Amino acid sequence: MEKKFLILQKNTQDKMREKATTLYIGPQHPGITGNMMVKVQVEGDTIVRARTEVGYLHRAFEKLQERRNWLQSFTLLCRFCVPEPDPVEESYARAVELLEGREVPERAKYIRVLMLELARMGSYMLWYGGQSGSLGLYTIGQWTVGDRNYILDLFEELTGGRVYHMYIWPGGVRRDLPEGFADKVLRTMDYFEKRLKDYDDLMFENTIFQKRTQGVGVIPKEKAVEWGVVGPVLRGCGIKSDIRIDDPYEVYDKLDFIVPTHEGGDIWSRALVRRQEIRQSIRIIRQVIENMPSGEYYNRIPNPFKWTLPKGDAYARTEATRGEVAMYIVSDGSIHPRRTHFRGAAYVHGITLLEKILIGENVADISAIMNSLGVCPPEIER
Amino acid sequence: MVNDKNSQKIVDFIQNWARKHSIWVLAYGTGCGAIEIPPTMTSRYDAERLGVRGAATPRQADVLLITGYLTVKTLKRVIRVYEQMQDPKYVIGFGSCTINGGMYYDSYNTIKVLDKYLPVDVYINGCMPRPEAVLSGFARLQKRIAEGRANGAQQYKDNLEWYRANQKKIIPNWIMPEYNW
Amino acid sequence: MSFFDLNGTLKPLTALKQFGKKPHTISYPKESKEAAPRYRGLHFNDLDECIGCGNCSMICQNAAIDMIHIDGIEGKKGDSGLRPRIDNGRCCWCALCVEVCPTGSLSLTKDYLYVSEDPDSFLWTPGKDNPNGKEQISFFSTEETSLNVFNRVPMPELEGKERVKSFAEVVLGYSEAEARAEASRCISCGLCTEVCPEHMHIPEYINAIATGNDADAVRIIYDNNPLPEMCGKVCTRRCEDVCAIASRGEALAIRWLKRYATETAATAEITREIVNPEIREANGKTVGIIGAGPSGLTAAYYLALRGYDVTIYEANAKAGGATMYGIPKYRFPIDSLDKQIDYIKSIGVKILFNTKVGKDISFKEIYDKFDAVFMGVGFPDAWPLGVDGDDAKGSMQAFRFLYMINSGEKVDVGDKVVVVGGGNVAIDAARVSRRLGADVTILYRRRVKDMPADWEEIEGAEDEGVHIVPQGIPIKIHKDEKGHVKAVEYLKAKMVPDERGGRPKPVAIEGSNTVIEATSVMAAIGQMGDYSFLPEEFTDKIKIERGRFVVNEKQQTGDPKVFAGGDAVNRTADAISAIADGFRACKAIDEMLGKK
Amino acid sequence: MMKELKEKIVQRIKANFADAAEKNDFNYNRLDFTVKKETIPSILFYLKDEMGFIHLSDANCVDWLEEGELELVFIVWSPKDKIKIFVRTRLDRDNPVMDNLDMIWPQLNTYEREFREMFGVQVTGLEAPDEFILEDWQGPPPFRRDFDTAAYAEKTFWERPGREDAQDVRETIANRDGEEIPDFAKKYSR
Amino acid sequence: MEKVLLDILGAIVTFLVAFVVGMTYGGLNRKITARVQNRKGPPWYQNFIDAYKLSSKKSAIHHGVMHHLGPAFLMVTSVMTLLIVPVLSHNNWFPNLNFQGDLIFLLYIMTFGPLGMALGAGQTGNPNSAIGVTRGLSMMVGFEIPWVLALVALMIQYHTTSITGLMAVQAHSGTWLMFSSPFAFIAAVMALFGMFRYSPFDIVGAPTELASGPIAETGGKYLFVMMSSGSVFTFAKLTLYVDLFLGGADNLFILIIKTFALYLIPLLYSLVSPRYRTEQAIRWFWGWPSFFGLLAILQAIIF
């Protein structure tokens, strides 16, 4: 083992250019977006080579799910990506429903959309903090992450948990909306609409912010899809692509909203896209609250200890803030999943894409670029 | 000044009071628990009120927050980070998975029992612990510091061999500098 | 980017106005926000309500829940005596344990603070560690949200009007899909096995049915019950009373599932093929059995499997005892019984029919001939009503009535039948009478809810048009001039609470005499044994007290060679207890003879 | 509409790839093709370059231990047609070899690294560091079905003591009433 | 002899005042930041606790002699700057060692500390520190230009190279230099942003980029020394500005008001600004601030 390591070390050393300094960004580093590492070689301030190293958060969920039954594995899901767990739950629930042919009540679908959009907002609030924090503007982070608590309060009220909701499950949702919840949501939305103005003034109107983000971390538009770019990052390249529209799920096809895009492919345009999406989320949430039908919220699953799914596989995709997340499940007809596989946007964004677009950038921008790509290491390693 | 027992006591008291009110937390999100750290540190819960603030590097940090499960790969870094920290240093186990493996009890890649590898001062229960729980965890640590019982660094030094044996058991490729401070 | 972006420099400065705003910081710990009404915090368990089924520990995907013994909580029927303890070093507060708790005793509270310096202190026994947690309950499951399936798959039955036309079997049995659905409701806790006198392996065979392995289910059932189809149809199923699901919903249809499983083996041959019992080599020992009732057959079957040469002496023309002659055929068709008897015979059990011990063969002879003797003689006689006019024509015992009907005799009951009693026999007699075309009234001393008969039977009787008169104590049977029953006179009763805490007693109300017309009166107030076959030389050893044999826990009578079981021994007097007696006796006999 | 489109795709694929076996009975926008291992690069190239399935949504591996095979599943998506296609192939489990495909989609490089590490699939021509997620891993590829993670965890890591007094409900009851559960029934116990 | 003793005593008092005021400013900084960020923030004395805690750390490792001496260099620089800058006019308790040409000396001494620091940081072997130091030196090149231009303008305009000289000019004319040479003041204040290294010019220790840069490997007592020297330096810098442009101060109260007002400028701007990249920062300093510096020189030459 020792020998192997030495050889490995030597090989990497050989590859290094002589002038270049190697910088290890992470795993313990305030600028990293989680527990991972980016090893960059810099000449002066310019990156000439970047390598990501992941695996610090590998818990082998997919392996663990094989040991748990279909319901038990549901509780693991929200740990796949912590800032925004709901799309993962949604993907799993929908994959299971697809495989089993289980109908979901209309009300549950609306509640799910409400949940997903709230989660999107919450996640973007955290992103605000990360993106501006990586550029040294801590005030925004303090505001948005603090305000995010109001969304978390809503989650707590609805699901009983601030961060891990475990709410969207196969067949519908776990509990009905509590009394007066809709009003609370609307009030919170009003608050956020007011606050967004403050955020804009401080962040998007800010010359320095514009200078720091425009033209940085550019993804070429013509390569974007091929490189596996998804979500707001792809929309930031000027390509209109959103699973909510392309491959609609739940009741998104009944809702009126716009998919914002922005040409440029740099941090700035990605930030703008995200910024506009928050408005759209608020719009969707208002529509959902208005149109929510009454009725059942849960199509009961059988006794979870004896719940089997028919043989086969299913794949369900959901649009998260990081882009396309999806769950692939394979059933062999038993009470346990044969295999589950989680496809996270960061799996592509955080490794191949990051390694590609970091080259030629300034070291100072690594953190900002990672934040703008929405790199979420737990999603990569699962 | 006579360096007798009483004056030493007073000095200790003042030092512990200062340590208690100035807790610099290393910014290392080792696991999913890192998600409740931003809310704790930001405007709504504002841990800085209590003197808790972030520190960018281990040299400056007082507290190592093990935010949740540790994979073997991370454990290696965490040990390194812990050893770089300056005495007195404290470890807070954050979340269920630091206590007995949590939901990853059967995972091949996460450690289950944190105090086999590092001396832990306080455990905060929960998955996730809410910011309130995190703050009360800090409050408990403050109490422990004030009482002068938070001497994990000394404990680590005294039992270094035992800790090393445990650490080496699961980290096959052990390349680390000696710990001698 | 302009040469100088004034807007971009000044606009951000508006952020400074926030300085004047009041911070929204929550100064924890000085002030704190209360957790949401649905917050998933630490567990609470209502220790009295909990039945220790262990469902929580099974669903827990973190293996965080242990079932442990707590001082002060003893196990009893329907309660394992164990209570959950949560390892908070494992728990992830997903609350699945709450969702699957059948009693709803487990819930989560608003309390979430648990900070400690001692890592070993995170074992948490809900209910014991937070006795006041009840006020803080936040996340709980109701019947609506629970993941237990509380509604039983309804059993297809003949219509009430259709039923009275014939003796066709009323209950139609589950289809495969229905059986799977019903079986998959089971949570496999096993609380039911304790109250089953025979301790059948209920969770196992239900699980086998649920997973689609009917053959395995049959094999598991035959492990300790050779008459499962009979049990599947007429068992008193005390198991269903303690079913964990029943604490908030309808109990699992354990009986129907057993019925379903055994019916998948359509004939005795197929049963033999599926069960494929291991029959030990003949060991040359012989056992004689008196009475081919459930207990006798059970003992015979398992003794035969263990290599004994078994002979049964049966007084009647058919085997089955009370299940053959006491249970109406619309509940337990004769084919079904024949199939099981054939199967038992196929194992090598010899049955001598129409051989009444004491008449056709003496007890002494049997005693001397065999290495061991088992008596499953049952209660062949019934108690008379014992009121004035009891000797009238048309006044009979319900048990005798059923015997005659089941033996194929014609009985004329007239068009108005009054059945006195509230047990299964009373209901059976009433429903049989309905099938003979009579109007039937059941007269019972207590309230309907006090009736010992199965509620399903009572409902079935009501569906078929049986009229039930509760709280009526018969005092006289009026005769007409021919000495035939004309009417029944009874007193209304009121329920007086028992001072010693027993069930309320009916006390007749003086002067409330009521008369109902009747052409027949059937007494269904209990049966009794007939031990005249026992010669006197044995009666000092084989003791009889209160009409029953006295046996030890191995079913052994005062004579070590003689064992007894069934109605003539136990007080519960149902088939499954008889089977249990037979099985116990078999083991005891095997033990006794195996030693020699 | 969707049906015709799917039919057209099936015909086009069948015309070009004789060994492609389709599965077209989904009532949503999905198509399955099972092909031989050798066809994978060409069919993926064809789907991407000729048919507009330019987005690689997912690639993953399923271990069919009982059948002695590893199944590779590639899920591609066409933004134009709004259809996802599953391309499947099977590898021999004892000698799983596949060709490097990262010239088709660069991100496949990452997936292949994961296959190599987690399933022990050998990818010929893959240029990437040996280790991806695991570090100094000495056991068998952990995502294979025959690797028992619980046993490994028990062997390798400590578990906090203090829970030894746990009792099994079924056993407790069986002991109390003297029930003997036969061995063949035990697999149905919970 | 007595004079010397008094001076030494006075120097100690000066140092203590500078330490306390500087630390308090740091604390107020955190408090103001907190309020703008919608939160309560730590108590104003939090910095003292932090400093005391750092000083009472039981272990503090260093990576060699230079690393060991780095903080000392900084401290020496701060103290020297402090002693050269007149704290109060006409007050015996706060002596100053100023002399003709001290302004030029000051320019040199102010770069001395960072250089020593650079040597220390270089010895740690931490690439972040090395990069941080490079950035710090580059940025110094940036803000020194307007700063020097401003000072040179003053020197040309008022024909003196001593601080007391400039103070005397102000006392004499009754107008503060910030009004009489506004361009020099603007250029100098802009340079002040760079000196304070607050956002948007916190590129040296940028946590999200360099994990606090040069001080990444420094903890415990070393960090304490650096922290206190930073506080002292803050006070010295602000006092220097007050002396140069705001007419000095007659008593501590006025001094504190003036310095704090000055301190608020970089502080408040830092709250609303992201960080510049190094080259952007340098370009910024060489842009408008240098332009104003040139204007100042023009003004000095013309008038």
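User: What pattern does chain E follow when read along the sequence?

Analyst: The pattern of chain E is α-α-α-α-α-α-α-α-α-α-α-α-α. Chain E has 13 helices and zero strands. Helices (H or I, at least four residues) and strands (E, at least two) are DSSP runs, numbered from the N terminus. The model is predicted: local features need pLDDT of at least 70, side-chain atom pairs count only at pLDDT 80 or more, and totals for chains, interfaces and linings use all residues. Residues are numbered from 1 along each chain as its sequence is written, while chains are lettered from A and ligands numbered from 1 in the order in which they are written.

User: How do you know whether the radius of gyration of chain E agrees or disagrees with that of a compact globule?

Analyst: The radius is taken over C-alpha atoms, and the globule rule is 2.2 Å times the number of residues to the power 0.38. For 303 residues the rule gives a value near 19 Å, and chain E has 19 Å, so the two agree. Along its principal axes, the C-alpha trace of chain E spans about 55 × 50 × 40 Å.

User: What share of chain E counts as buried?

Analyst: Of its 303 residues, 59% are buried. A residue is buried if 20 or more other C-beta atoms, placed from the backbone, lie within 10 Å of its own, exposed if 12 or fewer do, and partly exposed in between.

User: What makes A60(A) count as buried?

Analyst: A60(A) has 25 C-beta neighbours inside 10 Å, and therefore counts as buried. The residue sits in the loop between β3 (46-53) and α2 (61-67) of chain A. Its phi is positive, about 65°, although A60(A) is not a glycine.

User: How do you know whether Q555(C) is buried or exposed?

Analyst: Q555(C) has 29 other C-beta atoms within 10 Å, so this residue is buried. Q555(C) also has a positive phi of about 65° without being a glycine. Its place is the loop between β24 (548-549) and β25 (562-564) of chain C.

User: Which residues touch the most other members of the largest nonpolar core?

Analyst: They are A398(C) and V419(C), in a core of 506 residues. Helix α10 (residues 220-245) of chain E gives the largest share of this core, 16 residues. The core is a set of buried Ala, Val, Leu, Ile, Met, Phe, Trp, Tyr and Cys residues joined through C-beta atoms within 7 Å. Leaving aside residues up to four places away in sequence, V419(C) touches A398(C), A426(C), A429(C), A430(C), V440(C), I442(C), L443(C), M522(C) and A524(C). Two residues are in contact if their C-beta atoms, placed from the backbone, lie within 7 Å.

User: Why are α7(C) and α8(C) called roughly antiparallel?

Analyst: Helix α7 (residues 202-210) and helix α8 (residues 214-222) of chain C pack at an angle of about 165°, with their axes 7 Å apart. Angles under 35 degrees count as roughly parallel, over 145 as roughly antiparallel, 65 to 115 as roughly perpendicular and the rest as oblique. The two helices are therefore roughly antiparallel to each other. On the α7(C) side the contact is made by E204(C), Y205(C), A208(C) and I209(C), and on the α8(C) side by D214(C), D216(C), A217(C), I220(C) and I221(C). Axes are lines fitted to C-alpha atoms, for helices over the stretch in contact, and angles run from 0 to 180 degrees between N-to-C directions.

User: What makes α1(B) and α2(E) oblique to each other?

Analyst: Helix α1 (residues 5-21) of chain B and helix α2 (residues 46-55) of chain E pack at about 120°, their axes 8 Å apart. That angle falls under the rest, so the pair is oblique. A18(B), R19(B) and H21(B) in α1(B) meet I49(E), Y52(E) and K53(E) in α2(E). The crossing of α1(B) and α2(E) is left-handed, a term for a near helix turned anticlockwise from the far one by less than a right angle (right-handed if clockwise).

User: Which elements give two or more residues to the side of chain E that touches chain C?

Analyst: Here 10 residues of chain E are in contact with 11 residues of chain C. The elements are α1 (2-36) and α11 (252-271) of chain E. With three residues, α1(E) gives the most to that side.

User: How far apart are the closest C-alpha atoms of chains D and E?

Analyst: They lie 24 Å apart, and no contact joins the two chains. Among the nine pairs of chains in contact, chains B and C share the most contacts.
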